[in-house]
There are 2 protein chains.
Amino acid sequence: MKERAWHDLQGRMAELRDLGAIVGLLTWDQETYMPAGGGVDRARQLAALHSLLHERLIDPAVGDALAVLEGETDLGEARRAMVRNLRWERDRAIKVPSRLVRELATAQSEAVEGWRKARAEGRFALFAPHLTRLLALRREQADAIGHGGERYDALLDGFEPGMRVARLEPLFDQLRKELGPILQRLVEAAGPKRWEHERHSFPADRQWSYTLDLLADLGFDLERGRQDRSTHPFTSSAGRGDVRLTTRIAEDNLLSAVFGTIHEGGHGLYEQNLPAEHMLNPIGTAASMGLHESQSRLWENLIGRSLPFWQNQLPKLRTYFPEQLEGVGVQEVYAAVNRVSRSQIRVEADEVSYNLHILLRFQLELALLRDELPVDDLPGAWSDLAQELIGARPVDDRDGVLQDIHWAWGEFGYFPTYALGNLYSATIHEKLGQDLGDLDEVVRSGGLTQIRDWLAARIHHKGRLCDAEEIVLQATGTGLSCEPFLRYLRGKYSGLYDVAI
Amino acid sequence: MKERAWHDLQGRMAELRDLGAIVGLLTWDQETYMPAGGGVDRARQLAALHSLLHERLIDPAVGDALAVLEGETDLGEARRAMVRNLRWERDRAIKVPSRLVRELATAQSEAVEGWRKARAEGRFALFAPHLTRLLALRREQADAIGHGGERYDALLDGFEPGMRVARLEPLFDQLRKELGPILQRLVEAAGPKRWEHERHSFPADRQWSYTLDLLADLGFDLERGRQDRSTHPFTSSAGRGDVRLTTRIAEDNLLSAVFGTIHEGGHGLYEQNLPAEHMLNPIGTAASMGLHESQSRLWENLIGRSLPFWQNQLPKLRTYFPEQLEGVGVQEVYAAVNRVSRSQIRVEADEVSYNLHILLRFQLELALLRDELPVDDLPGAWSDLAQELIGARPVDDRDGVLQDIHWAWGEFGYFPTYALGNLYSATIHEKLGQDLGDLDEVVRSGGLTQIRDWLAARIHHKGRLCDAEEIVLQATGTGLSCEPFLRYLRGKYSGLYDVAI
């Protein structure tokens with residue numbers, strides 16, 4: 001009975017993974033090569049696949065097989081993890097009526113259009129009805145999935161399995177208390193001389209060649225993946241042998257492509273090093289969005305914005321841009337890529353203020369889902385909170401409440417995973433330093449694949465065998481904590497800005 | 001009852017079309033952008049989709065809905081065509097056991113690998129066991145589908161609905177009798193002075209720009225489609241707003257890209273002009289492979305290899321390649337693109353010998369499926385028949401029996417559609433000349449979109465409302481016939497070679 005249930009489930013898990021990979025590929029194509037005329041058909045094709053995935057997941061036969069296997073005591077670690085993950089995914093799917101799934105899909109499409117228009121005109125009012133509708137649907141979804149009184153938990157759990165508001169709040173309170181004063185002192189300090197790279201023009205084809213060179217340095221396997229251009233950089237996977245990154249190239253902004261590539265490269269390395277033997281079951285996926293983000297942020301910030309990284313890369317970068325980089329020293333570049341400011345835009349924020357942007361969003365979406373904040377009051381609440389947390393108000397809604405696409409996608413509960421990623425990345429970075437000896441020297445000498453291999457063995461290969469925090473705990477001896485991140489910030493920025501923080 | 005059956009069937013037809021479009025996109029991606037490491041996963045993803053398509057098609061509910069609707073007498077033309085097409089497709093699917101579908105898929109993958117290896121080493125023996133296996137499976141499939149004593153008919157019908165061997169044979173006999181002597185006389189004639197374009201180098205980026213320019217001239221809508229590069233040119237559609245062509249660029253062979261682009265452009269125009277209102281049911285597909293091929297061959301040959309076409313295009317082409325085209329006159333180009341020879345390679349064959357290459361393959365695969373020719377004797381039979389039909393033997397198997405990939409794909413019964421395409425293309429061309437007045441003048445003055453519009457209205461918009469021959473008959477007044485094609489050849493080549501044929 002057990003083996004029959006097992007055999008049946010394996011085929012079903014493989015099909016679910018294949019359909020998921022196909023969704024990924026269609027979405028990638030939509031953002032890269034699809035001609036304008038393909039949009040309507042593509043939306044319908046994706047909806048058909050999502051319906052199919054939902055149908056397969058809620059098939060009673062899956063429930064029967066799971067029930068048989070859950071009754072077994074000798075499944076072994078891997079099979080237990082498969083059953084647990086599939087159960088989690090199925091429970092989330094089966095509790096939500098198909099009607100709600102369809103309504104959400106429609107509302108999301110329309111909201112994205114509404115958001116684009118609202119953003120173009122800088123008028124929140126054009127987006128407000130969409131947001132109201134999406135919030136109503138998400139409240140309904142959260143209540144259908146079930147929660148212990150905190151709706152937000154049901155949504156957060158979809159991105160960060162096991163995470164709860166009650167767990168986040170003390171961490172975020174600590175970040176708020178500590179980061180505000182650090183930001184204050186750094187903004188007041190003069191800071192080192194920076195390279196004003198925006199004054200130059202960097203030909204697109206040379207930027208492109210350099211970013212591919214850089215991906216190879218990180219250990220991203222270009223035989224098992226590729227890079228293309230898109231408006232907004234992202235990573236998508238159609239299998240661990242087919243991982244697709246995108247980047248954006250602006251000729252007046254070299255660093256946009258460089259850090260975009262490193263960031264997506266970090267996501268890509270995770271996808272390329274998921275456990276090969278579990279690619280056809282739910283273990284072969286990232287443990288959480290927070291852990292995924294920890295990989296991109298680790299590479300982008302803790303490695304990519306470090307002095308040894310630029311000591312290693314600047315000579316190579318100079319071969320691509322000899323004129324633009326003439327006379328530019330590594331300290332200038334290091335200062336340029338670590339400029340701290342009270343910026344209004346999350347995606348351009350420095351390491352110090354970034355988490356404050358997340359805290360702002362978390363607090364607002366929590367209030368929205370708790371029915372404590374009417375949608376019409378959102379822009380004002382955003383502005384007040386930006387003043388309170390970051391120390392500056394956005395000049396308009398475009399730079400404020402309309403800046404991110406996430407709420408237009410109907411994603412509430414996603415933002416915290418960025419902050420979790422930052423925290424995990426520092427914890428992992430500290431342990432990397434202990435395990436690899438002189439990490440600065442490893443980076444300075446271009447030994448980035450040593451870092452990749454460590455991450456692959458300790459993080460990536462685990463897939464979803466256990467939850468994100470458990471993986472980090474096993475890898476580093478430390479669970480979720482603000483301390484390593486705060487230590488990292490203090491160590492780096494007190495030196496860079498020559499100020500006590 | 002009828003409306004309920006209808007409503008149910010509409011959803012199912014739409015899903016089938018969407019899944020089909022997704023298969024097309026995944027295949028396109030496999031041949032264009034997929035990294036090497038994605039191959040294994042992609043094969044499995046495609047197999048999963050094919051299984052799913054098969055499962056949906058043979059769903060008893062589809063049979064029930066069809067049965068209800070087939071009992072109705074007042075369905076109207078479009079609904080009758082939908083029911084007829086879906087019944088045809090479903091009957092072909094349901095008669096073939098799932099086991100055989102899977103075995104065929106595996107055998108095809110392995111045969112393609114075997115063929116590549118055999119071709120690289122020039123050893124047919126490496127491919128023979130694969131071919132034997134595929135033939136056995138196709139015989140089984142043909143017998144499962146059913147036929148009136150001629151197995152080949154069951155396979156041919158899959159590419160050219162309604163076509164039968166008994167219908168092809170007299171046409172092909174006539175072609176054989178007429179084309180041999182024409183080829184003989186043209187090969188013996190000196191022919192006009194040709195432009196030896198292979199002596200020049202044509203930069204890839206300029207070829208690329210020109211081919212895009214050319215597609216726009218043909219009336220291919222680049223907002224509803226795109227062109228990319230691949231090893232072998234092909235056309236794929238993910239919807240009439242997302243039609244994808246590929247071409248190949250060789251710097252030492254300008255004409256390869258030019259005619260590849262025109263050919264695929266012809267296929268692409270068909271896909272872009274299928275009936276919009278039927279894209280979510282089986283009417284919104286090409287009526288047959290032969291009719292599809294008639295569109296590509298019409299544009300490539302009857303338009304693209306005509307004198308007025310080059311009178312129109314040469315000045316523009318000269319702006320892309322001023323040095324390479326210095327002193328080259330339109331008559332030289334016209335002669336170069338219409339050189340007749342006893343070539344061994346089908347895809348490089350001229351208009352006169354092309355059909356002889358098809359006759360050769362048709363005769364051999366018919367003998368194979370009738371168990372009249374052992375696989376081991378195939379290379380010898382090929383060589384003898386090449387001598388008999390084309391007047392020359394291949395120097396080795398690479399240029400002979402191993403030159404095409406079709407048999408490695410397990411496609412027997414496909415080749416005749418190329419010849420049917422040639423015949424239909426001439427029939428359509430003749431009628432075009434009658435309807436558009438001075439066709440030469442239309443082409444010379446660059447009015448190619450007039451041709452596109454005529455084809456769209458008379459051929460493309462029909463989709464699968466009726467079968468290919470009926471569409472051509474309605475459009476031109478002539479059904480399947482060799483006469484227009486032979487008239488076209490005689491008219492063109494007697495002038496070009498100044499010889500009576």
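Start by colouring chain A and chain B separately: 26 residues of chain A and 26 residues of chain B form the contact between them. Two residues are in contact if their C-beta atoms, placed from the backbone, lie within 7 Å. This is a predicted model, in which local features need pLDDT of at least 70, side-chain atom pairs count only at pLDDT 80 or more, and totals for chains, interfaces and linings use all residues. Residues are numbered from 1 along each chain as its sequence is written, and chains are lettered from A and ligands numbered from 1 in the order in which they are written.

**Stop 1: the side of chain A that touches chain B**

Select α1 (2-32), α2 (39-57) and β1 (225-229) of chain A; each supplies at least two residues of the side that touches chain B. Helices (H or I, at least four residues) and strands (E, at least two) are DSSP runs, numbered from the N terminus. On this side of chain A, α1(A) gives the most, with seven residues. Sorted by class, the side of chain A that touches chain B holds 11 nonpolar, six polar and nine charged residues. Ala, Val, Leu, Ile, Met, Phe, Trp, Tyr, Cys and Pro count as nonpolar, Asp, Glu, Lys and Arg as charged, and the others, Gly among them, as polar.

**Stop 2: the pair of α1 helices**

Now show α1(A) together with α1(B), residues 2-32 of chain B. Their axes come within 11 Å and cross at roughly 70°. Axes are lines fitted to C-alpha atoms, for helices over the stretch in contact, and angles run from 0 to 180 degrees between N-to-C directions. The two helices, α1(A) and α1(B), are therefore roughly perpendicular to each other; that word covers 65 to 115 degrees, with angles under 35 degrees counted as roughly parallel, over 145 as roughly antiparallel and the rest as oblique. To see the contact, pick A:I22, A:L25, A:L26 and A:D29 on α1(A), and B:I22, B:L25, B:L26 and B:D29 on α1(B). These residues divide into six nonpolar, no polar and two charged.

**Stop 3: chain A as a whole**

Chain A has 20 helices and three strands. Its C-alpha trace spans about 70 × 50 × 50 Å along the principal axes. Of the 501 residues in chain A, 44% are buried. A residue is buried if 20 or more other C-beta atoms lie within 10 Å of its own, exposed if 12 or fewer, and partly exposed in between, with C-beta atoms placed from the backbone.

**Stop 4: two domains**

Colour domain 1 (2-159) and domain 2 (197-344 + 426-464) of chain A; such bounds come from an automatic or database domain assignment. The C-alpha centres of domain 1 and domain 2 of chain A are 29 Å apart. Where they meet, 17 residues of domain 1 are in contact with 17 residues of domain 2. On the side of domain 1 that touches domain 2, the elements giving two or more residues are α1 and α4 (77-94) of chain A. Here α1(A) gives the most, with 10 residues.

**Stop 5: two residues with positive phi**

Select A:D371, in the loop between α14 (351-369) and α15 (378-389) of chain A. Its phi is positive, about 60°, although A:D371 is not a glycine. A:D371 is exposed, with 10 other C-beta atoms within 10 Å.

Finish at A:D498, in the segment after α20 (483-497) of chain A. A:D498 is another residue other than glycine with a positive phi, near 55°. A:D498 is exposed, with 11 other C-beta atoms within 10 Å.
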